[in-house]
Amino acid sequence: MDYEQTVEYLYNSTPVFEKIGVGAYKEGLYNTHALDEHLCHPHRHYTTIHVAGTNGKGSVSHTMAAILQAAGYRVGLYTSPHLVDFRERIRVNGKMASKAFVIDFVKQHRSFFEPLHPSFFELTTAMAFQYFAEQEVDVAVVEVGLGGRLDCTNIISPILSIITNISLDHTQLLGSTLAQIATEKAGIIKHGTNILIGEHNEETRQVFEERAKEMSSPIIFAEDQPEVISATPNAKGGMDYITRHYGMIHGELGGNYQAKNTNTILNAIPLLRQSGMKISDNDVITGMANVNESTGLMGRWQKIGDSPKVICDTGHNVGGWQYLAPQITSQPCRQLRIVFGMVDDKDIDTVMDMLPKNAEYYFTRASSKRAIPEEKVSATGEAKGLHGKTYPTVKEAYEAAIDASSPDDFIFVGGSSYLVADLLANIKEQST
(Lines give C-alpha, C1' and ligand atoms only; values in the text may rest on other atoms or scores of the structure.)
Protein backbone atom coordinates (compact mmCIF):
# COMPACT_ATOMS: atom_id res chain seq x y z
CA MET A 1 0.00 0.00 0.00
CA ASP A 2 1.13 3.56 -0.67
CA TYR A 3 0.59 6.37 1.86
CA GLU A 4 -2.93 7.31 0.74
CA GLN A 5 -4.00 3.66 0.74
CA THR A 6 -2.48 3.15 4.20
CA VAL A 7 -4.36 6.10 5.69
CA GLU A 8 -7.56 4.89 4.03
CA TYR A 9 -6.93 1.47 5.56
CA LEU A 10 -6.55 3.05 9.02
CA TYR A 11 -9.81 4.92 8.62
CA ASN A 12 -11.78 1.98 7.25
CA SER A 13 -10.48 -0.82 9.45
CA THR A 14 -10.65 0.91 12.84
CA PRO A 15 -13.46 2.78 14.63
CA VAL A 16 -12.80 6.50 14.08
CA PHE A 17 -14.26 9.04 16.51
CA GLU A 18 -14.15 11.78 13.87
CA LYS A 19 -16.46 9.67 11.72
CA ILE A 20 -18.84 7.89 14.08
CA GLY A 21 -18.47 9.65 17.42
CA VAL A 22 -19.30 7.73 20.61
CA GLY A 23 -19.23 4.36 18.85
CA ALA A 24 -15.47 4.69 18.32
CA TYR A 25 -14.75 5.18 22.03
CA LYS A 26 -13.32 2.08 23.69
CA GLU A 27 -13.46 2.16 27.46
CA GLY A 28 -10.43 0.70 29.18
CA LEU A 29 -6.74 0.47 28.38
CA TYR A 30 -6.42 -3.21 27.43
CA ASN A 31 -5.61 -2.57 23.77
CA THR A 32 -3.29 0.29 24.68
CA HIS A 33 -1.26 -1.84 27.08
CA ALA A 34 -1.16 -4.71 24.57
CA LEU A 35 0.15 -2.44 21.80
CA ASP A 36 2.61 -0.81 24.19
CA GLU A 37 4.02 -4.17 25.28
CA HIS A 38 4.24 -5.36 21.69
CA LEU A 39 6.30 -2.28 20.82
CA CYS A 40 8.52 -2.68 23.92
CA HIS A 41 7.17 0.40 25.75
CA PRO A 42 8.55 3.13 23.47
CA HIS A 43 7.25 6.00 25.63
CA ARG A 44 9.74 5.05 28.35
CA HIS A 45 12.64 6.25 26.20
CA TYR A 46 11.95 9.97 26.53
CA THR A 47 10.55 12.57 28.88
CA THR A 48 6.87 13.42 28.50
CA ILE A 49 4.49 16.29 29.32
CA HIS A 50 0.77 15.46 29.43
CA VAL A 51 -1.92 18.02 28.47
CA ALA A 52 -5.65 17.53 29.04
CA GLY A 53 -8.66 19.85 29.16
CA THR A 54 -11.89 20.70 27.39
CA ASN A 55 -10.53 23.70 25.46
CA GLY A 56 -7.07 25.10 24.89
CA LYS A 57 -5.10 21.89 25.12
CA GLY A 58 -4.07 22.06 21.46
CA SER A 59 -2.82 25.64 21.72
CA VAL A 60 -1.04 24.91 25.01
CA SER A 61 0.57 21.75 23.61
CA HIS A 62 1.83 23.45 20.47
CA THR A 63 3.12 26.49 22.34
CA MET A 64 4.91 24.31 24.92
CA ALA A 65 6.54 22.41 22.05
CA ALA A 66 7.62 25.67 20.39
CA ILE A 67 9.21 26.90 23.63
CA LEU A 68 11.05 23.61 24.17
CA GLN A 69 12.29 23.68 20.58
CA ALA A 70 13.57 27.23 21.13
CA ALA A 71 15.43 25.87 24.16
CA GLY A 72 17.25 23.42 21.90
CA TYR A 73 15.37 20.22 22.72
CA ARG A 74 14.33 17.65 20.14
CA VAL A 75 10.58 17.66 20.70
CA GLY A 76 7.86 15.19 19.80
CA LEU A 77 4.32 16.54 19.59
CA TYR A 78 1.20 14.36 19.54
CA THR A 79 -2.14 16.10 19.00
CA SER A 80 -5.56 15.48 17.46
CA PRO A 81 -7.53 15.78 15.31
CA HIS A 82 -5.61 16.63 12.16
CA LEU A 83 -7.02 19.19 9.75
CA VAL A 84 -5.51 18.36 6.35
CA ASP A 85 -2.96 15.53 6.63
CA PHE A 86 -3.08 12.59 9.05
CA ARG A 87 0.60 13.12 9.86
CA GLU A 88 -0.15 16.48 11.51
CA ARG A 89 -0.90 14.41 14.61
CA ILE A 90 2.70 13.17 14.92
CA ARG A 91 5.51 15.72 14.64
CA VAL A 92 9.14 16.05 15.66
CA ASN A 93 10.46 19.61 15.83
CA GLY A 94 7.46 20.67 13.79
CA LYS A 95 8.00 18.21 10.95
CA MET A 96 5.31 15.65 10.31
CA ALA A 97 6.13 11.96 10.53
CA SER A 98 7.30 10.63 7.19
CA LYS A 99 4.90 8.86 4.88
CA ALA A 100 7.35 5.97 4.81
CA PHE A 101 7.11 5.55 8.57
CA VAL A 102 3.29 5.40 8.50
CA ILE A 103 3.38 2.82 5.70
CA ASP A 104 6.05 0.69 7.39
CA PHE A 105 4.39 0.82 10.82
CA VAL A 106 1.14 -0.58 9.48
CA LYS A 107 2.92 -3.16 7.31
CA GLN A 108 5.11 -4.41 10.15
CA HIS A 109 2.51 -4.52 12.91
CA ARG A 110 -0.88 -5.19 11.31
CA SER A 111 -0.65 -8.95 11.92
CA PHE A 112 -0.50 -8.12 15.64
CA PHE A 113 -3.04 -5.34 15.92
CA GLU A 114 -5.74 -6.55 13.53
CA PRO A 115 -6.94 -9.30 15.92
CA LEU A 116 -7.08 -6.68 18.72
CA HIS A 117 -9.50 -4.47 16.76
CA PRO A 118 -8.09 -1.26 18.27
CA SER A 119 -9.73 2.10 17.74
CA PHE A 120 -8.16 4.55 15.33
CA PHE A 121 -6.91 6.65 18.25
CA GLU A 122 -5.45 3.67 20.11
CA LEU A 123 -3.47 2.68 17.05
CA THR A 124 -2.42 6.23 16.24
CA THR A 125 -1.17 6.77 19.80
CA ALA A 126 0.97 3.63 19.63
CA MET A 127 2.30 4.80 16.27
CA ALA A 128 3.22 8.21 17.70
CA PHE A 129 5.01 6.79 20.73
CA GLN A 130 6.99 4.44 18.50
CA TYR A 131 7.94 7.26 16.11
CA PHE A 132 9.20 9.46 18.93
CA ALA A 133 11.39 6.62 20.20
CA GLU A 134 12.82 5.96 16.74
CA GLN A 135 13.46 9.68 16.28
CA GLU A 136 15.22 9.82 19.67
CA VAL A 137 13.30 12.84 20.93
CA ASP A 138 14.35 14.43 24.22
CA VAL A 139 10.80 15.23 25.26
CA ALA A 140 7.31 14.64 23.89
CA VAL A 141 4.30 16.86 24.51
CA VAL A 142 1.29 14.54 24.51
CA GLU A 143 -2.23 15.87 24.16
CA VAL A 144 -5.05 13.80 25.65
CA GLY A 145 -7.60 12.65 23.10
CA LEU A 146 -10.75 12.46 25.21
CA GLY A 147 -11.19 12.77 28.96
CA GLY A 148 -8.06 11.53 30.68
CA ARG A 149 -8.59 8.62 33.04
CA LEU A 150 -9.27 6.07 30.31
CA ASP A 151 -7.57 7.89 27.44
CA CYS A 152 -4.94 5.74 25.79
CA THR A 153 -2.29 8.43 26.23
CA ASN A 154 -2.60 7.89 29.98
CA ILE A 155 0.04 5.16 30.11
CA ILE A 156 2.82 7.75 30.16
CA SER A 157 4.62 8.91 33.32
CA PRO A 158 5.09 12.64 32.64
CA ILE A 159 7.22 15.16 34.49
CA LEU A 160 4.27 17.55 34.38
CA SER A 161 0.53 17.12 33.88
CA ILE A 162 -1.58 20.08 32.72
CA ILE A 163 -5.36 20.39 32.71
CA THR A 164 -6.28 23.58 30.85
CA ASN A 165 -9.95 23.91 31.84
CA ILE A 166 -13.26 22.11 32.22
CA SER A 167 -16.54 22.81 30.42
CA LEU A 168 -19.49 20.70 29.33
CA ASP A 169 -18.39 18.69 26.29
CA HIS A 170 -18.57 14.99 25.35
CA THR A 171 -21.17 14.64 28.11
CA GLN A 172 -22.32 11.25 26.75
CA LEU A 173 -18.94 9.80 27.71
CA LEU A 174 -17.50 11.98 30.45
CA GLY A 175 -20.51 12.96 32.55
CA SER A 176 -23.20 15.63 32.63
CA THR A 177 -21.71 17.88 35.34
CA LEU A 178 -18.47 19.81 35.58
CA ALA A 179 -17.46 17.73 38.61
CA GLN A 180 -17.95 14.47 36.70
CA ILE A 181 -15.96 15.72 33.72
CA ALA A 182 -13.24 17.05 36.02
CA THR A 183 -13.04 13.62 37.67
CA GLU A 184 -12.36 11.99 34.29
CA LYS A 185 -9.72 14.55 33.35
CA ALA A 186 -8.13 14.37 36.82
CA GLY A 187 -7.32 10.77 35.94
CA ILE A 188 -4.08 11.99 34.34
CA ILE A 189 -2.74 13.10 37.74
CA LYS A 190 0.14 10.77 38.56
CA HIS A 191 1.65 9.93 41.94
CA GLY A 192 4.11 12.59 43.07
CA THR A 193 3.98 14.48 39.76
CA ASN A 194 3.29 18.22 39.50
CA ILE A 195 -0.22 18.99 38.25
CA LEU A 196 -1.06 22.42 36.85
CA ILE A 197 -4.68 23.54 36.48
CA GLY A 198 -5.19 26.37 33.99
CA GLU A 199 -8.74 27.42 34.88
CA HIS A 200 -11.05 26.28 37.65
CA ASN A 201 -14.19 27.03 39.58
CA GLU A 202 -15.26 25.98 43.07
CA GLU A 203 -16.81 22.75 41.80
CA THR A 204 -13.81 21.56 39.78
CA ARG A 205 -11.18 22.82 42.22
CA GLN A 206 -12.43 20.45 44.89
CA VAL A 207 -12.22 17.50 42.51
CA PHE A 208 -8.64 18.35 41.52
CA GLU A 209 -7.50 18.98 45.10
CA GLU A 210 -8.91 15.67 46.32
CA ARG A 211 -7.28 13.71 43.49
CA ALA A 212 -3.94 15.50 43.96
CA LYS A 213 -4.02 14.73 47.70
CA GLU A 214 -4.83 11.09 46.98
CA MET A 215 -1.85 10.88 44.60
CA SER A 216 0.51 12.98 46.79
CA SER A 217 0.91 15.32 43.81
CA PRO A 218 1.83 18.99 44.21
CA ILE A 219 -0.99 21.01 42.63
CA ILE A 220 -0.81 24.55 41.25
CA PHE A 221 -3.77 26.63 40.07
CA ALA A 222 -2.61 29.08 37.40
CA GLU A 223 -5.38 31.54 38.21
CA ASP A 224 -3.98 31.84 41.75
CA GLN A 225 -0.67 32.99 40.23
CA PRO A 226 -1.55 35.38 37.40
CA GLU A 227 1.39 35.83 35.05
CA VAL A 228 -0.52 37.73 32.37
CA ILE A 229 -1.23 41.30 33.45
CA SER A 230 -2.85 42.43 30.19
CA ALA A 231 -3.54 41.02 26.73
CA THR A 232 -4.15 43.07 23.58
CA PRO A 233 -4.78 41.89 19.99
CA ASN A 234 -2.13 43.19 17.62
CA ALA A 235 -2.18 44.17 13.95
CA LYS A 236 -0.55 40.91 12.85
CA GLY A 237 -3.41 38.84 14.26
CA GLY A 238 -1.63 37.64 17.40
CA MET A 239 -1.72 38.90 20.97
CA ASP A 240 0.64 41.17 22.90
CA TYR A 241 1.00 40.41 26.60
CA ILE A 242 2.34 42.40 29.51
CA THR A 243 3.55 39.73 31.92
CA ARG A 244 4.69 39.64 35.50
CA HIS A 245 8.06 37.96 34.99
CA TYR A 246 8.80 38.12 31.24
CA GLY A 247 7.98 41.73 30.37
CA MET A 248 6.30 42.22 26.99
CA ILE A 249 5.67 39.02 25.05
CA HIS A 250 4.34 38.76 21.51
CA GLY A 251 2.13 35.70 21.12
CA GLU A 252 1.74 34.55 17.54
CA LEU A 253 -1.54 32.80 18.25
CA GLY A 254 -4.62 35.02 17.99
CA GLY A 255 -7.95 34.80 19.76
CA ASN A 256 -8.96 36.38 23.04
CA TYR A 257 -9.02 32.92 24.65
CA GLN A 258 -5.23 32.72 24.27
CA ALA A 259 -4.75 34.97 27.31
CA LYS A 260 -5.92 32.11 29.57
CA ASN A 261 -3.75 29.63 27.69
CA THR A 262 -0.73 31.92 28.00
CA ASN A 263 -1.22 32.27 31.74
CA THR A 264 -1.24 28.48 31.98
CA ILE A 265 1.91 28.15 29.86
CA LEU A 266 3.84 30.76 31.84
CA ASN A 267 2.94 28.95 35.06
CA ALA A 268 4.23 25.70 33.55
CA ILE A 269 7.73 27.01 32.83
CA PRO A 270 8.95 27.14 36.49
CA LEU A 271 7.62 23.61 37.02
CA LEU A 272 9.57 22.32 34.01
CA ARG A 273 12.68 24.09 35.29
CA GLN A 274 12.20 22.36 38.65
CA SER A 275 12.24 19.06 36.75
CA GLY A 276 15.63 19.91 35.29
CA MET A 277 14.68 21.33 31.91
CA LYS A 278 16.84 24.26 30.84
CA ILE A 279 14.49 26.94 29.52
CA SER A 280 15.58 30.58 29.46
CA ASP A 281 13.25 33.57 29.48
CA ASN A 282 14.34 34.26 25.91
CA ASP A 283 13.32 30.72 24.91
CA VAL A 284 9.81 31.47 26.20
CA ILE A 285 9.65 34.74 24.28
CA THR A 286 11.01 33.17 21.08
CA GLY A 287 8.76 30.12 21.29
CA MET A 288 5.58 32.09 21.82
CA ALA A 289 6.35 34.36 18.88
CA ASN A 290 6.91 31.44 16.48
CA VAL A 291 4.34 28.75 17.33
CA ASN A 292 2.93 28.26 13.84
CA GLU A 293 6.30 28.06 12.10
CA SER A 294 7.84 25.89 14.81
CA THR A 295 4.99 23.39 15.12
CA GLY A 296 2.73 23.70 12.08
CA LEU A 297 -0.32 24.69 14.13
CA MET A 298 -3.38 25.76 12.14
CA GLY A 299 -6.93 26.84 12.86
CA ARG A 300 -6.50 29.08 15.93
CA TRP A 301 -7.90 32.48 14.91
CA GLN A 302 -6.02 31.85 11.67
CA LYS A 303 -6.06 34.58 9.06
CA ILE A 304 -6.92 33.26 5.59
CA GLY A 305 -7.31 36.56 3.73
CA ASP A 306 -7.04 40.32 4.12
CA SER A 307 -9.49 41.86 1.65
CA PRO A 308 -12.01 40.85 2.83
CA LYS A 309 -10.51 39.79 6.12
CA VAL A 310 -11.13 36.06 6.64
CA ILE A 311 -10.55 34.25 9.92
CA CYS A 312 -11.12 30.59 10.75
CA ASP A 313 -11.08 28.97 14.17
CA THR A 314 -11.61 25.41 15.40
CA GLY A 315 -13.58 26.46 18.50
CA HIS A 316 -16.47 23.99 18.59
CA ASN A 317 -18.20 24.04 21.95
CA VAL A 318 -19.78 26.40 24.48
CA GLY A 319 -16.48 26.91 26.33
CA GLY A 320 -14.75 28.05 23.14
CA TRP A 321 -17.57 30.20 21.84
CA GLN A 322 -17.82 32.23 25.02
CA TYR A 323 -14.57 33.81 23.82
CA LEU A 324 -15.10 33.61 20.06
CA ALA A 325 -18.55 35.22 19.90
CA PRO A 326 -17.61 38.57 21.47
CA GLN A 327 -14.35 38.70 19.52
CA ILE A 328 -16.18 38.15 16.22
CA THR A 329 -18.76 40.78 17.15
CA SER A 330 -16.04 43.32 17.95
CA GLN A 331 -14.42 43.14 14.49
CA PRO A 332 -14.73 46.44 12.58
CA CYS A 333 -16.34 45.76 9.21
CA ARG A 334 -18.99 46.85 6.72
CA GLN A 335 -20.77 43.48 6.85
CA LEU A 336 -20.15 40.48 9.09
CA ARG A 337 -20.46 37.12 7.32
CA ILE A 338 -20.28 33.77 9.12
CA VAL A 339 -19.81 30.36 7.49
CA PHE A 340 -21.12 28.03 10.17
CA GLY A 341 -21.82 24.39 10.95
CA MET A 342 -21.46 21.93 13.84
CA VAL A 343 -21.34 18.21 14.56
CA ASP A 344 -23.98 16.18 16.33
CA ASP A 345 -22.48 15.78 19.81
CA LYS A 346 -22.19 19.51 20.51
CA ASP A 347 -24.64 21.87 22.22
CA ILE A 348 -25.71 23.68 19.07
CA ASP A 349 -28.61 25.48 20.80
CA THR A 350 -26.42 27.18 23.39
CA VAL A 351 -23.68 28.02 20.88
CA MET A 352 -26.15 29.55 18.44
CA ASP A 353 -27.66 31.62 21.26
CA MET A 354 -24.23 33.28 21.48
CA LEU A 355 -23.92 34.13 17.77
CA PRO A 356 -24.35 37.73 16.59
CA LYS A 357 -27.73 38.51 14.97
CA ASN A 358 -26.33 41.21 12.69
CA ALA A 359 -24.39 38.75 10.51
CA GLU A 360 -25.21 37.18 7.16
CA TYR A 361 -25.01 33.40 7.65
CA TYR A 362 -23.83 30.67 5.32
CA PHE A 363 -25.08 27.49 6.97
CA THR A 364 -23.23 24.38 5.84
CA ARG A 365 -21.95 20.98 6.88
CA ALA A 366 -18.46 19.51 7.07
CA SER A 367 -17.64 16.29 5.21
CA SER A 368 -17.73 14.34 8.50
CA LYS A 369 -20.58 11.85 8.86
CA ARG A 370 -21.25 13.45 12.25
CA ALA A 371 -21.97 16.85 10.73
CA ILE A 372 -25.44 18.24 11.42
CA PRO A 373 -27.33 18.70 8.11
CA GLU A 374 -27.18 22.29 6.93
CA GLU A 375 -30.99 22.51 6.81
CA LYS A 376 -31.19 21.66 10.51
CA VAL A 377 -28.46 24.18 11.37
CA SER A 378 -30.34 26.80 9.36
CA ALA A 379 -33.66 26.01 11.04
CA THR A 380 -32.05 26.29 14.47
CA GLY A 381 -30.51 29.60 13.47
CA GLU A 382 -33.71 31.04 12.01
CA ALA A 383 -35.54 30.25 15.25
CA LYS A 384 -32.93 32.36 17.03
CA GLY A 385 -33.02 35.28 14.62
CA LEU A 386 -29.95 34.24 12.60
CA HIS A 387 -30.59 34.62 8.88
CA GLY A 388 -28.85 33.23 5.86
CA LYS A 389 -28.78 30.51 3.20
CA THR A 390 -27.78 26.85 3.19
CA TYR A 391 -24.93 25.24 1.27
CA PRO A 392 -24.18 21.49 0.98
CA THR A 393 -20.40 21.90 1.26
CA VAL A 394 -17.97 24.19 3.05
CA LYS A 395 -16.38 25.04 -0.28
CA GLU A 396 -19.67 26.32 -1.71
CA ALA A 397 -20.54 28.25 1.44
CA TYR A 398 -17.11 29.90 1.59
CA GLU A 399 -17.12 30.80 -2.09
CA ALA A 400 -20.59 32.33 -1.73
CA ALA A 401 -19.40 34.45 1.21
CA ILE A 402 -16.34 35.61 -0.76
CA ASP A 403 -18.41 36.43 -3.86
CA ALA A 404 -20.84 38.53 -1.82
CA SER A 405 -18.17 40.43 0.08
CA SER A 406 -16.71 43.88 -0.26
CA PRO A 407 -13.04 44.42 0.68
CA ASP A 408 -14.02 45.83 4.08
CA ASP A 409 -16.27 42.92 5.09
CA PHE A 410 -15.27 40.34 7.72
CA ILE A 411 -15.79 36.61 7.16
CA PHE A 412 -15.55 34.06 9.96
CA VAL A 413 -15.48 30.32 9.25
CA GLY A 414 -16.05 27.90 12.13
CA GLY A 415 -18.29 25.97 14.48
CA SER A 416 -16.45 22.69 14.04
CA SER A 417 -12.86 21.50 13.64
CA TYR A 418 -14.03 19.51 10.62
CA LEU A 419 -15.50 22.61 9.00
CA VAL A 420 -12.11 24.33 9.28
CA ALA A 421 -10.42 21.16 8.02
CA ASP A 422 -12.57 21.22 4.88
CA LEU A 423 -11.80 24.89 4.33
CA LEU A 424 -8.04 24.45 4.68
CA ALA A 425 -8.07 21.34 2.48
CA ASN A 426 -9.92 23.26 -0.25
CA ILE A 427 -7.49 26.18 -0.03
CA LYS A 428 -4.53 23.79 -0.22
CA GLU A 429 -6.05 22.02 -3.24
CA GLN A 430 -6.57 25.31 -5.08
CA SER A 431 -2.99 26.41 -4.40
CA THR A 432 -1.41 23.24 -5.82
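Biologist: Before we start, what are the ground rules here?
Modeller: This is a predicted model, so local features need pLDDT of at least 70 and side-chain atom pairs count only at pLDDT 80 or more, while totals for chains, interfaces and linings use all residues. Residues are numbered from 1 along each chain as its sequence is written, and side-chain values use heavy atoms, with hydrogens and water left out.

Biologist: How many residues line the second largest pocket, and which lie nearest its centre?
Modeller: There are 23 in the lining, and Tyr11, His82, Leu83, Val84 and Ser367 lie nearest the centre. A lining residue has an atom within 4 Å of a point.

Biologist: Which helix gives the most to that lining?
Modeller: α17, with 7 residues. The elements that each supply at least two lining residues are α1 (3–13), α2 (17–20) and α17 (417–431). Helices are DSSP runs of H or I with at least four residues, strands are runs of E with at least two, and both are numbered from the N terminus.

Biologist: And how does the lining of that pocket split by class?
Modeller: 9 nonpolar, 4 polar and 10 charged. Nonpolar covers Ala, Val, Leu, Ile, Met, Phe, Trp, Tyr, Cys and Pro, charged covers Asp, Glu, Lys and Arg, and the others, Gly among them, are polar.

Biologist: Switching to backbone. Where's a cis peptide bond?
Modeller: One joins Ser80 and Pro81, with omega about -10 degrees. Pro81 sits in the loop between β2 (75–78) and β3 (90–92). The bond from Ser307 to Pro308 is cis too, with omega near 5 degrees, and Pro308 is in the loop between β12 (302–306) and β13 (309–313).

Biologist: Is Glu136 buried or exposed?
Modeller: Exposed, at 64% relative accessibility. The cut-offs are under 20% relative accessible area for buried, over 50% for exposed and in between for partly exposed, using a 1.4 Å probe and protein chains only.

Biologist: What about Ser216?
Modeller: Phi of Ser216 is positive as well, near 50 degrees. Ser216 is in the loop between α9 (202–214) and β8 (219–221), and is partly exposed at 48%.

Biologist: Now salt bridges. How many are there?
Modeller: 17, where a bridge means a side-chain nitrogen of Lys or Arg within 4 Å of a carboxyl oxygen of Asp or Glu.

Biologist: What does Arg205 pair with?
Modeller: Asp224, with the closest N and O atoms 2.8 Å apart. Arg205 lies in helix α9 and Asp224 in the loop between β8 and β9 (228–233), so the pair ties together parts that are 19 residues apart in sequence. Arg205 is partly exposed at 22%, and Asp224 is partly exposed at 44%.

Biologist: Which residue does Glu214 bridge to?
Modeller: Arg211, at 3.5 Å from N to O. Both lie in helix α9, 3 residues apart, about one turn of the helix. Glu214 is exposed at 56%, whereas Arg211 is partly exposed at 22%.

Biologist: And Glu399, what's its partner?
Modeller: Lys395, with the closest N and O atoms 2.9 Å apart. Glu399 and Lys395 are both in helix α16 (residues 394–404), 4 residues apart, about one turn.

Biologist: Last one: which residues are linked in a network of salt bridges?
Modeller: Arg334, Arg337, Asp408 and Asp409.

Key:
1 Å grid on protein atoms, 1.4 Å probe; cavity = no way out; pocket = protein on both sides within 12 Å on 5 of 7 lines; lining within 4 Å.
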